Structure formats: C-alpha cells, structure tokens
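The following exercises concern the reading of a protein model from its coordinates. Each task is followed by a solution in steps.

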Amino acid sequence: MDLIPAPSSAVRRPDEDFPLDAATTLTAPPGLADAERWLRGALSAATGLPFGPGRPGAGVELVRDDRLAAEAYRIAVRPGHARLAAGGPAGALWAAQTLRQLLGPDAYRRSPLRREGWVLPGADIADAPRFGWRGVLLDVARHFLPKSDVLRFVDLLAVHKLNVLHLHLTDDQGWRVEIKRYPRLTGRGAWRERSMVGHRAGRRRDDRPHGGFYTQDDLREIVAYAAARGITVVPEIDLPGHTQAAVAAYPELGNTDVVDTAALGVWTDWGVSHNVLNASEETLRFFEGVLEEVLELFPSEFIHLGGDECPKEQWKDSAAVQARIRELGLADEDELQSHLIRHFDRWLAERGRRLIGWDEILEGGLAIATTPKGAGAERPEAWGRSRAVVSSWRGFGGGIAAARAGHDVVMCPEQHVYFDHRQADGPEEPIPIGFVRTLEDVYRFEPVPKQLDGAAARRVIGTQANLWSEFTDSARDIDYRAFPRLVAFAEVAWSDLPVEPTERDFAGFERRLAVHLGVLDALGVEYRPADGPHPWQRRPGVAGRPIDGPPPVR
C-alpha cells in the first residue's frame, strides 16, 4: 500500500480484500455527515457505483470512536465490510481520503473509466497527524486567482491531509476581499495598470491591467467548501506595511504630509513599497471596520495581520507621525509598529480571536492581550497575556525566540518551504528565484529545531509552505512550483518521521511518490517532472533572481 502521507501503521491483509459493486453501501452517523457526503460524491463519480445507504456492520461504514483524537482514524477492510472509525469529523474526512487512495489513481477521476473491478485491499490502518497546523499560504494578492482555481486548490490540499489554507488577500499590488463599507478597496484597489514580468533586474513589463477580487459570498463559499473537507481558511490582511493598494483607494490612510497619496495607484512593481499606513486613530478605526467584516466571513480562530516588512522612511519624515510617537510615549518608529500590532492583538482577543503575524511582530514585544470573559475560559493560562501566534519566516530564529517566550509558533522558514523558490539549478528552470529547494530538501525539512525541547518544542503547533505569486500568474504555474514538493511537505507535516532528517527514508518516499504521481495525473495537476520542466512550463528570457549555494541556517 503506497500511501501518502505515510500512516502511523498499515498492515496489508491480502486474503481479505473487499470487491465493490452496485450493491455496496455507505453509512455514517449524523455527526460524520460531511465525510459521508464527500466520500459518496467522490467514489460515485469515479466508479459509477451508487453507494446507497445501508445498515451498520456492512458495506463502507463510518463510525465515531471517542477514544481517538479528533483527527485520528482507524480503517479495517474485510470482505463485505470496510469500517472507518474516527475521533471526530476531521478524522472521518482523513479516513475517507485514505480509503479513496486505497482504490488507486483511477478513483480520483471525475467520471468512471470502468464500472467493474473496484477492490478495496484488505488492510488495517491506524493513523493520526503529527501537527495540528498543516498549512499552505496561497498569495492571491500579487496575482489574482479565480475562485474556481481556489476551490480546486482546496481539493488538492485535502487529498494530502493539509488542513489550513492561509489566503494572502491584500498587498501593495492588489486588494482582493470585498469590504462593503469601503467599496473603493476593491473598486480601485483590486486592479493595477500593468505588472512586472519576472524579476525587476529584467526590466520587463506587460501592458495588461490585472486584477480581480472575491465578493463576500465568494469567500463564504470558499470557507464552507474548505470546511466540508476538513480545512480552515485563515485570512491575511496586511498592515501597517504592504498597504499601497489600500492607500491608493483611500489616500487619507497614507502619510499625506510627505507624499501625494492622492496620486498613488496600486503598485505595479514587485517587492516592498515605501507607501505605508499612517498611525492615526482614524486609520485604526478604518481597519477595525475592515476586520469587523473579515471576522464575519472567516470563523477561523486565527486572523493573520502580516506585520512584516514595513519601511519606516515616511514615518521618519512625517511630522504627524512623529507627533503621534510623542503622544503615545514611544521611543521610535519600531515601537510605533509594535503599538499598531499590540492594538489589533487586543482588539482581536476581545472578540475571541487570535492574531497571527510574521516574526517581525516580535520586535518591540508582543501585546498584553487580556482574554475577555466567556472566550478562552478553557485556557486560563492565556488570561492577561498575548495569545498571538508567530509565523517564523526569516528562518528558525524568530520561532525559537517566540516559543521560548511562551508563544505558539508556525514554522515556515523561507530557506526551506517557500515554494516560489526554484526546484533545480540550470537554465531551463522558469523564472528562477532564491535557493534551490529540491524534493529531497523538502522531505528532509524538520519543523522543530533542535534548540527547542520540552514545553518550548510543544509551542511549535505546526508548519506551513508558502506560495508567493509574483512569478506565478496562473493555476498551471502554481501546480509547477507546488508539486510534487507539496506532497513531500504534506508527509513532513502529517507523518511521524524520524526527527533527524538524514534518517528519513527518501528512497522509500520516492517509490511511493511514483505511484502517487498517477493520482496527480488523474487530478490534472501539472507538476514538475523529475527530469525538468516540459517545454510549456519554461519561461525563456524572463529574468529571475537565483541565489547560489545552500540556504543559511538562522
């Protein structure tokens, strides 16, 4: 059984296979209805079999087992009966994904290639994830991705038991979420006049306006679609930097005494704009209004507010900002940025949510965010302190410091799991960016650094791969940069692999991956072939920014 991600244990029982036919049933209790609905739809589409409702103890049966953790499951396949026991709805969905995988790549087709010969192999499988946060960031701000492609990407995450979709919705180059009280955020901020083609060193631009945004109903649909597949959608609204699109829509948000913000458009360059938010009370109220609508759309406990890469030049030159620093009794511009993050940390905590931000939010200290009555009462240790979570992207250092200080951490160091970085050296790699991160490099990535142990190590609640989209302008490009590396990452995030990277069985993973590529083919994923890109996956003449040598460890 070539299962990916590798389960905790799997025993093949070759004399106890279960042939499927038109009489095979599918049953589940009401609490596992999402898994039952999804599994019936997926299997019926691929096999042409109806999987009608049946009786307990026969056919394919989903059951609840409260002795198991919420995402854990057990599968026992015997002649005439496949029993899927799960600790909760999420575990049932992962069990359903594994059951489909047991049927082979053709079970991932949307229409049957055959209606006979479907056999579940006799087996006993026990499984549970290593990490509770198994995430992927999808940047839809730099290049907008249509809703249908986002829904497809959700399906690909679910196949690999990844359970967090971090949607990067706003940046200098575009604002992608409808905010009804501020219609110019999408009316003006959702499109730019042109785009850079490749890295700035190539000095190439196209002449096509680019844009798009998700209506609130679009986002409700994405959130519900993901939830029905065991995936939480975490939105990111960037501040106080990465906000030129917002300032272009509402110039009063910017530093009007040092730049003509009314003349700004949505940024057409890649990189980090120097046009950042001012720090006035009015700007805080504006983004509270934004977040009120965001909270209604996204029920996630976590709301990502960026907090990274905020240039301070305009703040240093602005008399209004300098007066604000004195008014608040702050030492400098760095403390002003921390003040803004602390404000929203408290604001979110008062509403029962948790701020998550990039590791720059550590600079100047995280907020003292008091948990309100009725929210978080089951976690009294959170009262009177920040509940913010740190996304450690500049390496492991920020995550190590945060964990030691008692903060939860999601490890996503750019040197290891930024999938916009190139997959190989050589001239055929399209728009080569950053360090070479091969499939094997990703498989040997260890999210918990050796410097952490005990309680600090347990603060690493998970890991995340990030797909930034400056150089990926379509679902085909995302497929190429994500796969098959995302398959390796999924196993790192889910499976109980040796902590020492050199002890991991990469050869065994490659053998299983050879079978799993048939799954990707059936799903229509245009992954990178092992021997290099197809001709249509190359981007000859488009400049990148490759970095030679191994990535630094920091």
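**Exercise 1. Determine which residues L102 is in contact with, leaving aside its neighbours within four places in sequence.**

Step 1. L102 is in contact with M1, L3, V119, L120, P121 and I125 once neighbours within four places in sequence are set aside; contact means heavy atoms within 4.5 Å.

Step 2. As to its place, L102 belongs to helix 2 (residues 89–102). Helices (H or I, at least four residues) and strands (E, at least two) are DSSP runs, numbered from the N terminus.

Step 3. L102 has a relative accessible area of 10% and is therefore buried. Buried means under 20% relative accessible area, exposed over 50%, and partly exposed in between (1.4 Å probe, protein chains only).

Step 4. A separation of 9.4 Å is found between the C-alpha atoms of L102 and A123, which are 21 residues apart along the chain.

*Conventions.* The model is predicted, so local features need pLDDT of at least 70 and side-chain atom pairs count only at pLDDT 80 or more, whereas totals for chains, interfaces and linings use all residues. Residues are numbered from 1 along each chain as its sequence is written, and side-chain values use heavy atoms, with hydrogens and water left out.

**Exercise 2. State whether the radius of gyration of the protein chain agrees or disagrees with that of a compact globule.**

Step 1. For 554 residues, a compact globule would have a radius of gyration near 24 Å. The rule is 2.2 Å times the number of residues to the power 0.38, and the radius is taken over C-alpha atoms.

Step 2. The protein chain has 24 Å, which agrees.

Step 3. The C-alpha trace spans about 80 × 60 × 45 Å along its principal axes, and 60% of the 554 residues count as buried.

Step 4. Of the contacts between residues at least 6 apart in sequence, 73% join residues at least 24 apart.

**Exercise 3. Describe how strand 6 (residues 81–86) is paired and how far it is covered.**

Step 1. The protein chain has 17 helices and 22 strands. Two strands pair if DSSP finds at least two bridges between them.

Step 2. Strand 4 (residues 59–64) runs parallel to strand 6 and is joined to it by 6 bridges; L62 stands opposite L84.

Step 3. Strand 5 (residues 73–78) runs antiparallel to strand 6, again with 6 bridges, and R74 stands opposite A85.

Step 4. Strands 5 and 6 form a hairpin with 2 residues between them, and G80 in the turn has a positive phi of about 85°.

Step 5. Strand 6 is mostly covered, with 5 of its 6 residues buried.
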